[in-house]
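Please keep the structure in view while reading.

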Amino acid sequence: MSYIEPAPLVDKENPFEAMMSRFHTASQLLGLEEQIYNVLKTPARQVIVSLPVTMDDGSIKVFEGYRVIHNTILGPSKGGIRFDPHVNLDEVKALAAWMTWKCAVVDIPYGGAKGGVACNPREMSAGEIERLMRAYTLSMIDIFGPDKDIPAPDMGTGPREMAWLMDEYSRTQGMTVNAVVTGKPIVLGGSLGRTEATGRGVMVSAMAAMEKLKINPYKATCAVQGFGNVGSWAAKLLSERGLKVQAISDLSGAYYNEDGIDFNKAVAYRDANKGTLEGFPEAEKISGNDILTLPVDVLVPAATEDVITAKNAAKIQAKLIVEGANGPTSSKADSVIYEKGISVVPDILANAGGVTVSYFEWVQNRLGYKWTADRVNRRSDRIMKDAFDNVYKVALEYKVSLRIAAYMVAIDKVAKTYKFRGGF
Ligand code: NAD
């Protein structure tokens with residue numbers, strides 16, 4: 001397939017290029033038609049908005065916000081909203097495309113999108129964040145909709161922000177529209193099980209991979225980078241399945257205890273300490289980067305993108321990496337890791353538990369009904385396990401990594417849908 005230009009492989013990667021590199025490889029293996037390749041390599045829609053917000057001191061600050069819709073062939077687009085100072089269009093484009101592949105890999109009827117605002121919520125008051133979220137919602141009023149584009153939380157946002165989004169959207173419609181956003185507080189139609197869903201999916205896919213690799217969870221050690229929503233739940237649920245979580249980390253650094261970290265103490269400490277693990281007394285503090293190269297069996301990067309690079313990949317000692325974060329491994333590191341014989345459950349599979357339960361939340365909102373936590377967990381565990389098995393089968397068949405296999409499963413589904421629908 002000569003029409004496909006090889007995506008550049010650079011060290012500190014542009015996240016969109018990292019995504020394209022895997023997309024390119026998987027497309028070649030699938031023999032994807034040129035027309036479909038060209039449709040999928042570019043997002044369907046990219047929106048950039050300026051958001052003037054009155055700050056508490058009376059000044060007006062203008063924030064830049066983004067929403068990128070990558071693809072909607074499988075259904076309305078779905079993707080979180082990130083509030084972070086480093087948000088930029090390339091990052092949002094990559095995250096939007098990952099959402100298309102993620103929804104396709106777990107076989108839920110959504111396309112992919114992502115949003116973000118370049119801001120530092122840690123330095124803003126609740127009132128400032130609320131005004132920003134409402135301004136963002138209003139500027140996206142033609143984009144969002146329960147049948148069009150359904151946002152959710154991501155880094156820097158949570159149920160509180162989703163409640164403001166739902167309220168602002170509902171005001172413009174003259175009625176309550178709770179299916180416009182997922183990740184809402186339970187009382188507003190949020191789903192039981194949503195908070196832990198991504199960490200739970202990480203646990204389910206980690207357990208499935210450990211079974212294939214014949215790693216006994218009761219003898220396995222683990223390190224988890226990032227102690228936010230995904231990392232803390234993954235650490236908790238993996239330790240409940242027998243793994244000894246020896247290290248956790250957040251922006252303040254990493255904390256190591258050979259005998260295992262008591263999850264409940266770490267969460268209680270973080271929550272009483274303005275959300276940071278700084279000073280956590282039950283473990284030795286080590287450099288934040290060192291958590292990735294500890295001699296553990298399972299490594300869960302659950303913080304942010306591009307942390308495993310060509311520079312540190314050779315030093316990784318884990319047998320299994322389960323990507324809780326989106327894009328934690330650069331495409332150049334992929335080959336180093338593959339050659340070392342380390343298995344990687346890729347982000348688009350490992351962290352898809354979140355969007356799966358978001359989908360359940362949307363289904364419940366549309367039904368006007370509520371499922372029990374048990375039903376949510378059973379259904380999402382089944383979806384995650386089936387998706388893992390499906391990807392594993394393709395990896396064996398094509399003799400490729402789980403990452404490339406996951407892209408192949410996803411791209412194949414989207415491409416087949418285009419074939420049936422046609423219409424260009
Ligand atoms: P969060 O804001 O709740 O937590 C992020 C955590 O990572 C915090 O503990 C923060 O201190 C830490 N962190 C950030 N940068 C770091 C760095 N460079 N080194 C070490 N620690 C660092 O965010 P989250 O919702 O847990 O999301 C984490 C990752 O998982 C992101 O990549 C996100 O896109 C992805 N993800 C989240 C969900 C979800 O449901 N929340 C779903 C799928 C994917």
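## Cavity and ligand site

In this predicted model, the residues that line the largest cavity are Phe227, Ala235, Ser239, Val245, Ile248, Ile261, Phe263 and Ala266. Two or more residues of that lining come from each of H7, strand E7 (244-250) and helix H8 (263-272). Sorted by class, the lining of the largest cavity holds seven nonpolar residues and one polar residue, with no charged residues. The space in the largest cavity amounts to about 40 Å³, and the count of cavities of 30 Å³ or more comes to one.

The ligand, for its part, is surrounded by 22 residues, of which Arg82, Asp154, Thr198, Val230 and Asn326 are the closest. By class, this shell is made up of seven nonpolar, ten polar and five charged residues. Helix H6 (194-213) and helix H7 (229-240) each contribute at least two residues to the shell around the ligand. Because domain 1 (44-177) and domain 2 (197-350) both give residues to that shell, the ligand lies between them.

| Residue | Protein atom | Distance to a ligand oxygen atom |
|---|---|---|
| Asp154 | polar side-chain atom | 2.9 Å |
| Phe227 | polar backbone atom | 3.0 Å |
| Asn229 | backbone N or O atom | 3.0 Å |

Taken alone, the ligand exposes 830 Å², and the protein buries 81% of that area.

Key: Residues numbered from 1 in each chain as written. Predicted model: local features only at pLDDT ≥ 70, side-chain atom pairs only at ≥ 80, totals over all residues. Heavy atoms only, no water. Near = heavy atom within 4 Å. Polar contact = N/O pair within 3.5 Å; in protein donor to acceptor, adjacent residues only side chain to side chain. Areas by Shrake-Rupley, 256 points an atom, 1.4 Å probe, with all protein chains shown as cover. Helix = DSSP H or I, 4+ residues; strand = E, 2+ residues; numbered from the N terminus. Nonpolar A, V, L, I, M, F, W, Y, C, P; charged D, E, K, R; others polar. Domains from an automatic or database assignment. 1 Å grid on protein atoms, 1.4 Å probe; cavity = no way out; pocket = protein on both sides within 12 Å on 5 of 7 lines; lining within 4 Å. Points joined across faces, edges and corners; volume = space filled by probe spheres on them.
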